[in-house]
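Please look at the structure below together with its sequence.

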Amino acid sequence: MSSITLPKVAGTPKRGRLHNRVMQRESTLGYALLVPTMLMLLVFLAWPFLWGIWLSVSNAEIGNDSSHFVGIGNFVYNLSDTIFVQSFWNTMAYTAITTVFKFGLGMSMALLLNQVFPLQRFARAALLLPWIIPSVLSTLAWRWMFDPTFSILNWVLMHSIHSGGVNWLGTTNTALASIFIVNIWRGAPFYGISLLAGLQTIPPDLYEAARVDGASRWQQFREITLPLLRPVLLVVLMLSTILTFADFQLPYVLTRGAPYNSTNVLATWAFNIGVPGGSIGLGAAISLVLFPLLAIAITGVLVSLRSKE
Amino acid sequence: MAVAARSRQTKTEKPIWDRTAGRWIRIYIPLFLFILITLFPFYWMIVTSFKSDQELLDQNANPMFVVVPTLHHYQFLFFESHFAQWLLNTTIIAFASTGISLFCSVLAGYALARLRFKGANSIGWGIFITYLVPPTLLFLPLALLIKTFHLFNNLFALILTYPTFLIPFCTWLLIGYFKSIPRELEESALVDGATRLQAMFRIVVPLALPGILSAGMFAFTLSWGEFLYALIFMNDTQTKTLPVGIVQELIRGDDFFWGQLMAAALLASIPVALLYSFFVDYFVAGMTAGAVKG
């Protein structure tokens with residue numbers, strides 16, 4: 001979201017005499033200021049991460065302390081498990097499809113909000129709301145809207161276009177579509193507000209000049225808006241991709257894998273296997289599959305950021 | 001959407017109120033649709049929470065409105081469930097983990113943005129790379145770690161683990177913010193004999209307050225709504241947070257009591273909604289500051 005820049009750490013270029021004088025003390029202070037952060041990240045992030053790698057190649061189970069090395073057995077087992085394979089593809093589709101919609105809708109939202117109109121502040125706050133509210137809670141509201149008997153969406157469909165109701169969470173395809181809809185509803189505002197922030201930094205005289213040269217609105221959008229939004233866009237895309245890939249709460253609350261474990265994503269399947277199922281090693285292997293996927297996504301974004309500079 | 005992306009300033013040259021059909025089609029109607037879709041689930045939460053169970057199950061009534069509003073579900077939450085306890089837990093956890101995260105990331109952000117030392121670059125990248133390790137990847141080993149520390153059903157389990165996903169983002173945001181503050185301000189203080197730490201706390205930190213506020217809001221919102229860690233580390237009804245308490249305890253078996261659930265979801269959302277309604281400008285400003293630096 002907010003910071004749209006990559007961390008460019010204090011560089012080394014030429015400095016004044018003052019700096020040479022305080023250099024020595026500067027580096028001691030630098031390390032000292034980093035101690036709390038490093039401590040937190042080492043204990044609660046790096047350590048469990050390494051532990052997770054060990055678990056993924058072990059047969060650890062809840063209540064069984066004598067776990068031992070099983071090599072890539074967990075991964076092999078998972079690949080032969082149809083639910084795992086389906087969860088994997090669900091995760092990919094979930095990320096790819098919702099990202100396209102969130103980008104399109106978010107861009108429209110940003111362009112609209114960048115216009116001058118009455119009640120602008122209200123509109124901006126209202127559109128941001130889905131993204132602020134804890135997603136477990138808004139997803140619950142959607143679950144109620146998708147209720148098999150009392151679905152308000154079906155009520156609207158029946159009373160407006162007299163169509164029959166949709167069995168939203170009852171079949172695999174509609175249940176997946178429902179998950180996608182809720183994710184798009186929740187995620188588009190993030191794109192919208194971030195892109196709006198980006199739009200507002202584009203100097204107006206660029207459009208002025210383009211108009212003088214007779215550029216159409218579409219040309220202005222393609223030649224000025226999109227290229228200048230690129231840095232913001234890449235960061236937004238990256239954060240959103242990571243969050244969607246690794247999303248647990250939305251699918252968990254909306255379908256909990258139902259019907260018949262067909263709407264799991266990697267996160268919910270890893271949870272099912274690892275926590276209620278108790279097979280920690282197998283679960284750790286499932287969630288570890290996310291790591292290379294995320295690495296590819298991030299590298300992609302970083303490479304495109306680099307190539308620009 | 002080929003709506004022209006013109007920024008505010010250009011607009012002032014034109015009459016703000018050109019009430020043409022084009023403007024309605026291009027701006028007001030799409031905007032209205034967006035807002036309708038965005039807000040409807042919240043409207044539905046409110047309506048549901050004030051309906052009696054009898055009205056909720058009435059197939060013949062128009063479901064869009066409440067006929068006889070009742071506070072029954074709210075009464076239930078406060079007098080017959082542990083909602084108040086969960087609210088307290090969530091508040092404590094959100095404030096504490098936001099505090100820890102801001103403390104760590106202000107220090108780290110300043111060091112990485114301003115100070116020159118060996119390895120600064122790699123540490124900066126290292127913190128950034130932690131994005132590759134979201135909670136979904138860590139929850140199983142972390143549960144074992146929490147067990148080792150005997151922190152299950154202890155608020156500290158969450159207070160200490162939430163900063164792992166808050167610190168990287170806050171640090172990242174603050175590096176950008178600190179860099180936008182002119183170096184000269186600090187240097188003149190150093191020349192006047194202030195120490196680095198004094199210059200940092202008296203000059204840079206106050207100037208970076210909008211950025212710190214927006215990092216804080218972000219951290220608070222995320223810890224308020226976090227679900228996965230809280231779901232796994234808190235099994236005791238007394239120590240649950242709002243999202244977990246609502247999903248696990250108010251849904252009984254396969255029975256969904258939607259009146260209570262929606263009342264609870266609404267109440268649990270209000271604190272963050274209020275936070276944003278007061279500070280939305282800071283929040284957007286924080287994001288814009290980041291973007292300018294791109």
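Chain A has 13 helices and zero strands, where helices (H or I, at least four residues) and strands (E, at least two) are DSSP runs numbered from the N terminus. This is a predicted model, in which local features need pLDDT of at least 70 and side-chain atom pairs count only at pLDDT 80 or more, while totals for chains, interfaces and linings use all residues. Residues are numbered from 1 along each chain as its sequence is written, and chains are lettered from A and ligands numbered from 1 in the order in which they are written.

Helix α9 of chain A, residues 217-245, has 29 residues, yet its end C-alpha atoms are only 35 Å apart, short of the 42 Å that a straight helix would reach at 1.5 Å a residue; that expected span is 1.5 Å times one less than the number of residues.

Two residues are in contact if their C-beta atoms, placed from the backbone, lie within 7 Å. By this rule, 99 residues of chain A are in contact with 102 residues of chain B. Helix α1 of chain A, residues 17-56, supplies the largest share of the side of chain A that touches chain B, with 23 residues. That side divides by class as follows.

| Class | Members | Count on the side of chain A |
|---|---|---|
| Nonpolar | Ala, Val, Leu, Ile, Met, Phe, Trp, Tyr, Cys, Pro | 72 residues |

L174(B) touches S105(B), V106(B), G109(B), A208(B), G211(B), I212(B) and A215(B), not counting residues up to four places away in sequence.
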